[in-house]
Amino acid sequence: WNAPVSGKTTHGNDIRTDPGAAKIAESTGIVELGMDTATVLAIQGEPVNVRDGQWEYGPSWLRFEEGKLVDWYSSPLYRLKVATPSPRHDAAAALSR
């Protein structure tokens with residue numbers, strides 16, 4: 001990214017944001033596989049905890065590898081801004097069509 005800005009979660013973990021990510025977030029409003037951390041942060045907001053590439057939002061979580069979103073779980077107790085509870089649901093729905 002250009003000119004990253006550092007931020008801290010409520011637990012003091014460092015996360016990076018990109019001011020340009022807000023434009024992408026406005027247009028989509030939904031977290032998708034392959035998004036970078038700055039865009040996800042602009043859409044979903046600050047996680048409660050960050051650990052080993054995983055952002056935690058209570059019982060829900062997002063997992064990143066090499067700065068890209070690769071997996072998530074959206075709990076009914078704290079829903080993430082995603083289309084399905086997990087990416088596997090997307091794949092299963094595509095196969096059943």
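Biologist: Leaving aside its neighbours within four places in sequence, which residues is Glu56 in contact with?
Modeller: The model is predicted: local features need pLDDT of at least 70, side-chain atom pairs count only at pLDDT 80 or more, and totals for chains, interfaces and linings use all residues. Residues are numbered from 1 along each chain as its sequence is written, and side-chain values use heavy atoms, with hydrogens and water left out. Contact means heavy atoms within 4.5 Å. With neighbours within four places in sequence set aside, the residues in contact with Glu56 are Pro47, Val48, Asn49, Arg51 and Trp61.

Biologist: With the side chain of which residue does the side chain of Glu56 make a polar contact?
Modeller: A polar contact is a pair of N or O atoms within 3.5 Å; within protein, one must be able to donate a hydrogen and the other to accept it, and residues adjacent in sequence count only if both atoms are side-chain atoms. The side chain of Glu56 has such a contact, at 2.7 Å, with that of Arg51.

Biologist: Does Glu56 count as buried or exposed?
Modeller: Buried means under 20% relative accessible area, exposed over 50%, and partly exposed in between (1.4 Å probe, protein chains only). The relative accessibility of Glu56 is 18%, so this residue counts as buried.

Biologist: Which strands stand at the edges of the sheet?
Modeller: Helices (H or I, at least four residues) and strands (E, at least two) are DSSP runs, numbered from the N terminus, and two strands pair if DSSP finds at least two bridges between them. Four strands form an open sheet in the order 3-4-5-6, with antiparallel pairing. One side of each edge strand has no neighbour in the sheet, because each has a single partner strand; the edges are strand 3 (49-51) and strand 6 (68-73).

Biologist: In strand 5, which residue is the bridge partner of Gln54?
Modeller: Strand 4 (residues 54-57) and strand 5 (residues 60-65) run antiparallel and are joined by four bridges. In strand 5, Gln54 has as its bridge partner Arg63.

Biologist: How many residues of helix 2 are buried?
Modeller: The buried residues of helix 2 are Thr37, Ala38, Thr39, Val40, Leu41, Ile43 and Gln44. The helix is mostly covered, and of its eight residues the number buried is seven.

Biologist: What is the angle between the planes of Trp55 and Phe64?
Modeller: Rings of Phe, Tyr and Trp (its six-membered ring) pair if their centres lie within 6.5 Å; planes under 30 degrees apart count as stacked, over 60 as edge-to-face and the rest as tilted. The whole structure holds two aromatic pairs. Trp55 and Phe64 form a tilted pair, 4.6 Å centre to centre, with an angle between the planes of 45 degrees.

Biologist: Which residue forms an aromatic pair with Tyr57?
Modeller: Tyr57 is buried, with a relative accessible area of 1%. Its ring is stacked at 6.1 Å centre to centre, with 20 degrees between the planes, and the partner is Tyr78.
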